[in-house]
Amino acid sequence: MKISGEKTTGAILLYASFFVYDLFLWTLQVPMYSFLMESFNEKEQAQVMQMVAFICGFAGIVGYVLCAILPISSNGVLQLDIFFISVAVFLVGAVLNLFSVKEEPKKEETQTSVFSVFQNIPAKLLKMCLLFLLIFSACFPFYIFFTTCFAESMFDAHRPTIAANENLTEEEIEKIFTDRLTDGSQKASLIFIAFPAGVMIISLVMEKGKIFRRFGIKNTIFSMLIFMIGTLTFNIFFKTTIGFFLIALGIAFSMVIQISVPYMLLNIYREDPKYPKSRGLSSDNSIISCTFSIAQAVGSLLLSLLIKKTETTTVIIPWCLVSAILATVLALTSIDFGKQSQQEEEKNSRKAIDNRTEKL
(Lines give C-alpha, C1' and ligand atoms only; values in the text may rest on other atoms or scores of the structure.)
Protein backbone atom coordinates (compact mmCIF):
# COMPACT_ATOMS: atom_id res chain seq x y z
CA MET A 1 0.00 0.00 0.00
CA LYS A 2 1.23 3.46 -0.85
CA ILE A 3 1.20 6.35 1.58
CA SER A 4 1.02 9.73 -0.14
CA GLY A 5 3.81 12.25 0.34
CA GLU A 6 1.61 14.56 2.40
CA LYS A 7 1.02 11.78 4.89
CA THR A 8 4.65 10.72 5.33
CA THR A 9 5.07 12.71 8.56
CA GLY A 10 1.75 11.38 9.82
CA ALA A 11 2.81 7.81 9.10
CA ILE A 12 6.06 8.30 11.02
CA LEU A 13 4.17 9.75 13.99
CA LEU A 14 1.67 6.89 13.76
CA TYR A 15 4.29 4.15 14.04
CA ALA A 16 6.15 6.12 16.72
CA SER A 17 2.93 6.25 18.72
CA PHE A 18 2.60 2.47 18.36
CA PHE A 19 6.08 2.10 19.83
CA VAL A 20 5.35 4.44 22.77
CA TYR A 21 2.01 2.77 23.42
CA ASP A 22 3.55 -0.71 23.40
CA LEU A 23 6.40 0.45 25.66
CA PHE A 24 3.87 1.95 28.07
CA LEU A 25 1.96 -1.34 28.30
CA TRP A 26 5.10 -3.38 29.05
CA THR A 27 6.23 -0.80 31.63
CA LEU A 28 2.81 -0.82 33.29
CA GLN A 29 3.08 -4.54 33.93
CA VAL A 30 5.87 -4.10 36.49
CA PRO A 31 3.92 -2.17 39.18
CA MET A 32 0.70 -4.01 38.31
CA TYR A 33 2.12 -7.49 38.89
CA SER A 34 4.20 -6.34 41.86
CA PHE A 35 1.05 -5.05 43.54
CA LEU A 36 -0.80 -8.24 42.66
CA MET A 37 1.90 -10.52 44.09
CA GLU A 38 2.27 -8.49 47.29
CA SER A 39 -1.43 -7.97 48.02
CA PHE A 40 -3.10 -11.28 47.13
CA ASN A 41 -2.58 -14.93 47.97
CA GLU A 42 -1.68 -17.57 45.38
CA LYS A 43 -5.30 -18.52 44.60
CA GLU A 44 -6.40 -14.89 44.19
CA GLN A 45 -3.37 -14.15 42.00
CA ALA A 46 -4.34 -16.96 39.63
CA GLN A 47 -7.90 -15.66 39.44
CA VAL A 48 -6.77 -12.11 38.65
CA MET A 49 -4.29 -13.28 36.00
CA GLN A 50 -6.92 -15.40 34.28
CA MET A 51 -9.39 -12.50 34.42
CA VAL A 52 -6.79 -10.25 32.76
CA ALA A 53 -6.49 -12.85 29.99
CA PHE A 54 -10.28 -13.02 29.67
CA ILE A 55 -10.62 -9.23 29.32
CA CYS A 56 -7.73 -9.09 26.82
CA GLY A 57 -9.48 -11.78 24.81
CA PHE A 58 -12.76 -9.86 24.74
CA ALA A 59 -10.98 -6.66 23.66
CA GLY A 60 -9.20 -8.61 20.94
CA ILE A 61 -12.48 -9.94 19.56
CA VAL A 62 -13.86 -6.40 19.26
CA GLY A 63 -10.67 -5.24 17.55
CA TYR A 64 -10.56 -8.01 14.97
CA VAL A 65 -14.26 -7.65 14.19
CA LEU A 66 -13.59 -3.97 13.42
CA CYS A 67 -10.66 -5.00 11.20
CA ALA A 68 -12.96 -7.35 9.31
CA ILE A 69 -15.69 -4.71 8.86
CA LEU A 70 -13.73 -1.52 8.20
CA PRO A 71 -11.49 -1.19 5.09
CA ILE A 72 -7.76 -1.34 5.66
CA SER A 73 -6.99 0.55 2.47
CA SER A 74 -8.79 2.51 -0.23
CA ASN A 75 -7.32 3.08 -3.68
CA GLY A 76 -3.92 1.99 -2.39
CA VAL A 77 -3.96 4.45 0.54
CA LEU A 78 -3.78 3.22 4.15
CA GLN A 79 -6.92 3.96 6.18
CA LEU A 80 -6.61 4.92 9.85
CA ASP A 81 -10.23 4.55 11.05
CA ILE A 82 -9.44 1.48 13.16
CA PHE A 83 -6.48 3.23 14.76
CA PHE A 84 -8.56 6.27 15.75
CA ILE A 85 -11.28 4.07 17.25
CA SER A 86 -8.78 2.01 19.27
CA VAL A 87 -7.03 5.13 20.58
CA ALA A 88 -10.36 6.61 21.65
CA VAL A 89 -11.31 3.42 23.51
CA PHE A 90 -7.90 3.32 25.22
CA LEU A 91 -8.15 6.94 26.35
CA VAL A 92 -11.65 6.43 27.75
CA GLY A 93 -10.51 3.32 29.63
CA ALA A 94 -7.40 5.06 30.99
CA VAL A 95 -9.39 8.09 32.22
CA LEU A 96 -12.05 5.92 33.86
CA ASN A 97 -9.34 3.91 35.62
CA LEU A 98 -7.57 7.05 36.89
CA PHE A 99 -10.72 8.47 38.45
CA SER A 100 -12.26 5.23 39.72
CA VAL A 101 -9.26 3.58 41.44
CA LYS A 102 -7.94 5.22 44.59
CA GLU A 103 -4.18 4.93 44.96
CA GLU A 104 -2.49 4.94 48.35
CA PRO A 105 1.28 5.16 47.81
CA LYS A 106 3.64 3.95 50.49
CA LYS A 107 5.13 6.59 52.74
CA GLU A 108 8.66 5.34 52.20
CA GLU A 109 10.01 3.70 49.08
CA THR A 110 13.49 2.28 48.66
CA GLN A 111 15.17 3.81 45.62
CA THR A 112 17.15 1.53 43.33
CA SER A 113 19.17 2.33 40.24
CA VAL A 114 18.38 0.90 36.83
CA PHE A 115 21.63 -1.09 36.83
CA SER A 116 20.90 -2.68 40.22
CA VAL A 117 17.95 -4.51 38.65
CA PHE A 118 20.39 -6.53 36.54
CA GLN A 119 22.82 -7.31 39.35
CA ASN A 120 22.92 -10.62 41.19
CA ILE A 121 20.22 -12.24 39.01
CA PRO A 122 19.66 -15.89 40.05
CA ALA A 123 20.43 -18.47 37.38
CA LYS A 124 16.98 -20.03 37.61
CA LEU A 125 15.35 -16.65 36.91
CA LEU A 126 17.60 -16.07 33.89
CA LYS A 127 16.78 -19.50 32.48
CA MET A 128 13.07 -18.92 33.01
CA CYS A 129 13.29 -15.56 31.22
CA LEU A 130 15.13 -17.19 28.31
CA LEU A 131 12.35 -19.77 28.08
CA PHE A 132 9.68 -17.11 27.79
CA LEU A 133 11.80 -15.11 25.38
CA LEU A 134 11.67 -18.13 23.07
CA ILE A 135 7.96 -18.76 23.71
CA PHE A 136 7.15 -15.13 22.96
CA SER A 137 9.36 -15.28 19.85
CA ALA A 138 7.24 -18.20 18.65
CA CYS A 139 4.06 -16.11 18.91
CA PHE A 140 4.53 -12.38 18.51
CA PRO A 141 5.29 -12.42 14.73
CA PHE A 142 1.73 -13.54 14.16
CA TYR A 143 0.39 -10.62 16.17
CA ILE A 144 1.78 -8.44 13.36
CA PHE A 145 1.92 -10.66 10.29
CA PHE A 146 -1.01 -13.09 10.65
CA THR A 147 -3.20 -11.20 8.16
CA THR A 148 -0.28 -10.75 5.75
CA CYS A 149 0.67 -14.44 5.92
CA PHE A 150 -2.94 -15.48 5.32
CA ALA A 151 -3.37 -13.04 2.41
CA GLU A 152 -0.15 -14.29 0.81
CA SER A 153 -0.96 -17.97 1.29
CA MET A 154 -4.68 -17.99 0.48
CA PHE A 155 -5.12 -14.93 -1.81
CA ASP A 156 -1.69 -14.76 -3.53
CA ALA A 157 -1.24 -11.21 -2.22
CA HIS A 158 2.46 -11.03 -3.05
CA ARG A 159 3.55 -8.08 -5.19
CA PRO A 160 6.63 -9.72 -6.87
CA THR A 161 4.49 -12.69 -7.93
CA ILE A 162 1.85 -10.41 -9.42
CA ALA A 163 4.53 -8.26 -11.07
CA ALA A 164 5.92 -11.36 -12.80
CA ASN A 165 3.10 -10.94 -15.30
CA GLU A 166 4.75 -8.66 -17.86
CA ASN A 167 1.43 -7.60 -19.38
CA LEU A 168 0.41 -5.58 -16.28
CA THR A 169 1.19 -1.93 -15.70
CA GLU A 170 2.43 -0.60 -12.34
CA GLU A 171 -1.05 0.78 -11.59
CA GLU A 172 -2.68 -2.55 -12.36
CA ILE A 173 -0.15 -4.44 -10.24
CA GLU A 174 -0.74 -2.09 -7.32
CA LYS A 175 -4.52 -2.38 -7.62
CA ILE A 176 -4.47 -6.19 -7.80
CA PHE A 177 -2.09 -6.41 -4.87
CA THR A 178 -4.12 -3.97 -2.75
CA ASP A 179 -7.41 -5.71 -3.53
CA ARG A 180 -6.01 -9.14 -2.69
CA LEU A 181 -4.33 -7.90 0.48
CA THR A 182 -7.51 -6.14 1.64
CA ASP A 183 -9.74 -9.16 0.94
CA GLY A 184 -7.25 -11.55 2.53
CA SER A 185 -6.69 -9.34 5.56
CA GLN A 186 -10.40 -8.95 6.22
CA LYS A 187 -10.98 -12.71 6.07
CA ALA A 188 -7.87 -13.29 8.18
CA SER A 189 -9.23 -10.89 10.80
CA LEU A 190 -12.35 -13.04 11.09
CA ILE A 191 -10.24 -16.20 11.46
CA PHE A 192 -7.91 -14.53 13.95
CA ILE A 193 -10.88 -13.87 16.21
CA ALA A 194 -10.11 -17.44 17.31
CA PHE A 195 -7.06 -15.94 19.09
CA PRO A 196 -8.86 -13.58 21.53
CA ALA A 197 -11.84 -15.94 21.78
CA GLY A 198 -9.43 -18.77 22.58
CA VAL A 199 -7.76 -16.62 25.24
CA MET A 200 -11.15 -16.06 26.89
CA ILE A 201 -12.17 -19.71 26.80
CA ILE A 202 -8.79 -21.19 27.75
CA SER A 203 -8.35 -18.75 30.65
CA LEU A 204 -11.77 -19.73 32.03
CA VAL A 205 -11.08 -23.46 31.60
CA MET A 206 -7.69 -23.20 33.30
CA GLU A 207 -9.14 -21.25 36.21
CA LYS A 208 -12.31 -23.30 36.74
CA GLY A 209 -10.56 -26.60 36.05
CA LYS A 210 -7.55 -25.71 38.24
CA ILE A 211 -5.32 -26.96 35.42
CA PHE A 212 -2.03 -25.78 36.92
CA ARG A 213 -2.83 -27.51 40.20
CA ARG A 214 -4.01 -30.76 38.63
CA PHE A 215 -1.47 -31.16 35.85
CA GLY A 216 1.37 -28.87 36.96
CA ILE A 217 3.03 -25.91 35.29
CA LYS A 218 5.56 -28.09 33.47
CA ASN A 219 2.99 -30.36 31.81
CA THR A 220 0.80 -27.41 30.86
CA ILE A 221 3.69 -25.62 29.14
CA PHE A 222 4.72 -28.79 27.31
CA SER A 223 1.15 -29.28 26.09
CA MET A 224 1.15 -25.75 24.68
CA LEU A 225 4.56 -26.14 23.00
CA ILE A 226 3.73 -29.51 21.45
CA PHE A 227 0.45 -28.09 20.08
CA MET A 228 2.29 -25.12 18.56
CA ILE A 229 5.06 -27.27 17.04
CA GLY A 230 2.49 -29.59 15.48
CA THR A 231 0.38 -26.73 14.13
CA LEU A 232 3.31 -24.80 12.67
CA THR A 233 4.73 -27.95 11.06
CA PHE A 234 1.33 -28.65 9.49
CA ASN A 235 1.24 -25.12 8.02
CA ILE A 236 4.67 -25.48 6.43
CA PHE A 237 3.40 -28.35 4.28
CA PHE A 238 -0.28 -27.44 3.87
CA LYS A 239 -1.77 -24.01 3.17
CA THR A 240 -5.31 -24.20 4.50
CA THR A 241 -7.73 -22.00 6.41
CA ILE A 242 -7.94 -24.68 9.12
CA GLY A 243 -4.17 -24.47 9.57
CA PHE A 244 -4.29 -20.74 10.22
CA PHE A 245 -7.24 -21.25 12.58
CA LEU A 246 -5.14 -23.73 14.59
CA ILE A 247 -2.26 -21.23 14.69
CA ALA A 248 -4.63 -18.67 16.22
CA LEU A 249 -5.66 -21.19 18.89
CA GLY A 250 -2.02 -22.03 19.62
CA ILE A 251 -1.19 -18.34 20.10
CA ALA A 252 -4.19 -18.03 22.44
CA PHE A 253 -2.93 -20.95 24.55
CA SER A 254 0.51 -19.38 24.62
CA MET A 255 -0.76 -15.95 25.66
CA VAL A 256 -2.62 -17.39 28.66
CA ILE A 257 0.63 -19.09 29.68
CA GLN A 258 2.66 -15.90 29.22
CA ILE A 259 0.29 -13.79 31.31
CA SER A 260 0.39 -16.11 34.30
CA VAL A 261 3.23 -18.66 34.43
CA PRO A 262 6.29 -16.33 34.65
CA TYR A 263 4.87 -14.70 37.77
CA MET A 264 3.78 -18.02 39.27
CA LEU A 265 7.30 -19.36 38.84
CA LEU A 266 8.76 -16.16 40.25
CA ASN A 267 6.64 -16.63 43.37
CA ILE A 268 7.97 -20.18 43.72
CA TYR A 269 11.57 -19.04 43.24
CA ARG A 270 11.29 -16.25 45.80
CA GLU A 271 10.01 -18.71 48.42
CA ASP A 272 13.30 -20.60 48.15
CA PRO A 273 15.50 -19.80 51.21
CA LYS A 274 18.53 -19.66 48.90
CA TYR A 275 16.99 -16.92 46.73
CA PRO A 276 18.87 -13.59 47.13
CA LYS A 277 17.06 -11.52 49.75
CA SER A 278 18.53 -8.33 48.34
CA ARG A 279 16.41 -8.56 45.20
CA GLY A 280 13.14 -6.66 45.29
CA LEU A 281 9.93 -7.97 43.76
CA SER A 282 9.65 -5.06 41.34
CA SER A 283 13.21 -5.70 40.14
CA ASP A 284 12.38 -9.30 39.29
CA ASN A 285 9.16 -8.25 37.55
CA SER A 286 11.19 -5.72 35.55
CA ILE A 287 13.46 -8.51 34.33
CA ILE A 288 10.43 -10.44 33.08
CA SER A 289 9.01 -7.39 31.29
CA CYS A 290 12.42 -6.67 29.73
CA THR A 291 12.47 -10.24 28.42
CA PHE A 292 9.33 -9.72 26.35
CA SER A 293 10.54 -6.31 25.15
CA ILE A 294 13.90 -7.69 24.06
CA ALA A 295 12.25 -10.58 22.22
CA GLN A 296 9.99 -8.18 20.37
CA ALA A 297 12.71 -5.62 19.55
CA VAL A 298 15.34 -8.11 18.36
CA GLY A 299 12.80 -10.31 16.61
CA SER A 300 11.19 -7.40 14.76
CA LEU A 301 14.58 -6.18 13.53
CA LEU A 302 15.71 -9.59 12.29
CA LEU A 303 12.35 -10.42 10.73
CA SER A 304 12.20 -7.11 8.89
CA LEU A 305 15.58 -7.86 7.33
CA LEU A 306 14.59 -11.40 6.33
CA ILE A 307 11.16 -10.49 4.94
CA LYS A 308 12.71 -8.04 2.46
CA LYS A 309 14.26 -10.97 0.61
CA THR A 310 11.27 -13.32 0.35
CA GLU A 311 7.58 -13.85 1.17
CA THR A 312 6.41 -13.12 4.69
CA THR A 313 5.01 -16.63 5.12
CA THR A 314 8.34 -18.19 4.15
CA VAL A 315 10.01 -16.39 7.06
CA ILE A 316 7.41 -16.19 9.83
CA ILE A 317 6.31 -19.82 10.16
CA PRO A 318 9.84 -21.36 10.23
CA TRP A 319 10.96 -18.63 12.67
CA CYS A 320 8.12 -19.46 15.06
CA LEU A 321 8.65 -23.21 14.66
CA VAL A 322 12.37 -23.00 15.49
CA SER A 323 11.63 -20.79 18.52
CA ALA A 324 9.04 -23.28 19.81
CA ILE A 325 11.43 -26.22 19.39
CA LEU A 326 14.23 -24.39 21.23
CA ALA A 327 11.80 -23.47 24.01
CA THR A 328 10.81 -27.14 24.35
CA VAL A 329 14.44 -28.27 24.58
CA LEU A 330 15.20 -25.60 27.21
CA ALA A 331 12.12 -26.50 29.25
CA LEU A 332 13.12 -30.18 29.19
CA THR A 333 16.71 -29.63 30.24
CA SER A 334 17.14 -26.50 32.33
CA ILE A 335 13.98 -25.03 33.88
CA ASP A 336 13.02 -25.36 37.55
CA PHE A 337 9.22 -25.69 37.61
CA GLY A 338 9.01 -25.94 41.38
CA LYS A 339 5.91 -27.56 42.80
CA GLN A 340 4.62 -30.90 41.60
CA SER A 341 1.21 -31.30 40.06
CA GLN A 342 -1.59 -32.94 42.05
CA GLN A 343 -1.28 -36.04 39.85
CA GLU A 344 2.46 -36.31 40.52
CA GLU A 345 1.94 -35.84 44.27
CA GLU A 346 -0.69 -38.60 44.32
CA LYS A 347 1.53 -40.87 42.22
CA ASN A 348 4.55 -40.33 44.48
CA SER A 349 2.37 -40.78 47.54
CA ARG A 350 1.09 -44.13 46.26
CA LYS A 351 4.63 -45.18 45.39
CA ALA A 352 5.81 -44.34 48.90
CA ILE A 353 2.95 -46.33 50.44
CA ASP A 354 3.75 -49.32 48.21
CA ASN A 355 7.41 -49.18 49.24
CA ARG A 356 6.52 -49.15 52.93
CA THR A 357 4.09 -52.05 52.37
CA GLU A 358 6.79 -54.11 50.66
CA LYS A 359 9.19 -53.53 53.54
CA LEU A 360 6.57 -54.69 56.02
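Modeller: Helices here are DSSP runs of H or I with at least four residues, strands are runs of E with at least two, and both are numbered from the N terminus. The model is a predicted one, in which local features need pLDDT of at least 70 and side-chain atom pairs count only at pLDDT 80 or more, while totals for chains, interfaces and linings use all residues. Residues are numbered from 1 along each chain as its sequence is written, and side-chain values use heavy atoms, with hydrogens and water left out.

A pocket is found on a 1 Å grid over the protein atoms alone, as an open set of points with protein on both sides within 12 Å along at least five of seven lines, whereas a cavity is a set of points where a 1.4 Å probe fits but cannot get out; in either case, a lining residue has an atom within 4 Å of a point. Grid points are joined across faces, edges and corners, and a volume is the space filled by probe spheres set on the points.

The second largest pocket has a volume of about 550 Å³. It is lined by 22 residues, and those closest to its centre are Glu42, Ala46, Phe212, Arg213 and Met264. At least two lining residues come from each of α2 (42–69), α8 (194–208), α9 (211–237) and α10 (241–270). Sorted by class, the lining holds 9 nonpolar, 6 polar and 7 charged residues, where Ala, Val, Leu, Ile, Met, Phe, Trp, Tyr, Cys and Pro count as nonpolar, Asp, Glu, Lys and Arg as charged, and the others, Gly among them, as polar.

Although Met264 and Glu42 are 222 residues apart along the chain, their C-alpha atoms are separated by 8.2 Å. Beyond its neighbours within four places in sequence, Met264 is in contact with Met49, Phe212 and Ile217, contact meaning heavy atoms within 4.5 Å.

Helices α9 and α10 also supply at least two residues each to the lining of the largest cavity. The count comes to 1 cavity of 30 Å³ or more, and the largest cavity has a volume of about 40 Å³. Its lining is made up of Ala138, Phe142, Met228, Thr231, Leu232, Leu246, Ile247, Gly250 and Ile251, with α10 giving the most, 4 residues. By class, this lining has 7 nonpolar and 2 polar residues but no charged ones.

Arg279 counts as buried, at 5% relative accessibility, and its side chain is joined to that of Asp284 by a polar contact of 2.6 Å. A polar contact is a pair of N or O atoms within 3.5 Å; within protein, one must be able to donate a hydrogen and the other to accept it, and residues adjacent in sequence count only if both atoms are side-chain atoms.

Definitions and conventions
Buried < 20%, exposed > 50% of the residue type's maximum accessible area, 1.4 Å probe, protein only.
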